[in-house]
Amino acid sequence: NFGTVSVFYPESRSFTITNNLEQYIFVEFFFDCAELKQSTPYSQVVPPLQTAGFDITFLSNEPQSFSRTVKYTVNKVHEYMLNISAQAIPIELKLSKSTVEFRFPFDYTEPFIKEYLTIQNMSTSIAEISWVGLENEDEIFIVTHNKGKIEPKGSYTAEFTFRPTTKPHYEQYVTLNVIGGPSKRVRLIGD
């Protein structure tokens, strides 16, 4: 049982077979689905009175409840079954805030101001992120990096810059996309 795992992240569990006989045995697994294709080895010879390990690896590219019975044989004659289950969930991001407000202090002299948004990856998989909605030619709102990766259980601080022109108020929605998870909308307000 793999329990709960994130999409796009391979999880492995060790499965061992002990040969209690005085002769060699040949063990072979039959992985018939894409989610288990990274498992290794598919087969091996186990010496007498020894134990051999197989790394069963689960990888899903989409959220799903996975349950499969995998067949393995000993000496191509004796068949056995192994039940494998997993719950693959989307990549989850947590934002420090949903609205980023830019307000110039009274005595501020620079023509721009910066604000920050922390993004936490709550998943066990790398989160590949990209911002949509900041492609304007006027570049009133700018993010330092339009694309990036956040390590599993890691965080990243996005730096936004507000460069106003002549209007007293600016407002815009941008979207943070993540491969394998739901998008997040962020409201940018500049005064």
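In this predicted model, Arg103 is partly exposed, with a relative accessible area of 45%. Arg103 forms a salt bridge with Asp191, and the closest N and O atoms of the two are 2.2 Å apart. This pair links distant parts of the chain: Asp191 belongs to the segment after strand 16 (184–190), whereas Arg103 sits in the loop between strand 9 (99–102) and strand 10, 88 residues apart. Asp191 is partly exposed as well, at a relative accessible area of 32%. Together with Glu101, Arg103 and Asp191 make up a network of salt bridges.

The count of salt bridges in the model comes to 8. Another of them joins Glu28 to Lys76, with 3.2 Å between the closest N and O atoms. Glu28 is part of strand 3 (residues 25–30) and Lys76 of the loop between strand 6 and strand 7, so this pair ties together parts that are 48 residues apart in sequence. How accessible are the two partners? Glu28 has a relative accessible area of 18% and is therefore buried, because buried means under 20%. Lys76, at 58% relative accessibility, counts as exposed. A further salt bridge brings together the side chains of Lys71 and Glu79, at 3.5 Å from N to O. Here Lys71 is partly exposed, with a relative accessible area of 27%.

We can now turn to the strands. Strands of a sheet pair through backbone hydrogen bonds, and the pairing is either parallel or antiparallel. Strand 6 (residues 64–74) pairs with strand 7 in the antiparallel sense, over 11 bridges. Within this pairing, Gln64 stands opposite Ala88 of strand 7. The hairpin of these two strands has 3 residues between them, and Asn75 takes a positive phi there, near 55 degrees. Strand 7 (residues 78–89) also pairs with strand 1 (residues 4–6), this time in the parallel sense, over 3 bridges. Thr4 has Gln87 in strand 7 as its bridge partner.

Elsewhere, 4 strands form an open sheet in the order 8-10-14-12, with antiparallel pairing. Strand 8 (93–95) and strand 12 (141–143) stand at the edges with a single partner strand each, so one side of each is left without a neighbour in the sheet. From one strand to the next, the twist averages 30 degrees. Inside this order, strand 10 (residues 113–121) and strand 14 (residues 155–162) run antiparallel and are joined by 8 bridges. One of the residues involved is Leu117, whose bridge partner in strand 14 is Ala158.

Key. Residues are numbered from 1 along each chain as its sequence is written. This is a predicted model: local features need pLDDT of at least 70, side-chain atom pairs count only at pLDDT 80 or more; totals for chains, interfaces and linings use all residues. Side-chain values use heavy atoms; hydrogens and water are left out. Two strands pair if DSSP finds at least two bridges between them. Axes are lines fitted to C-alpha atoms, for helices over the stretch in contact, and angles run from 0 to 180 degrees between N-to-C directions. A salt bridge is a side-chain nitrogen of Lys or Arg within 4 Å of a carboxyl oxygen of Asp or Glu. Buried means under 20% relative accessible area, exposed over 50%, partly exposed in between (1.4 Å probe, protein chains only).
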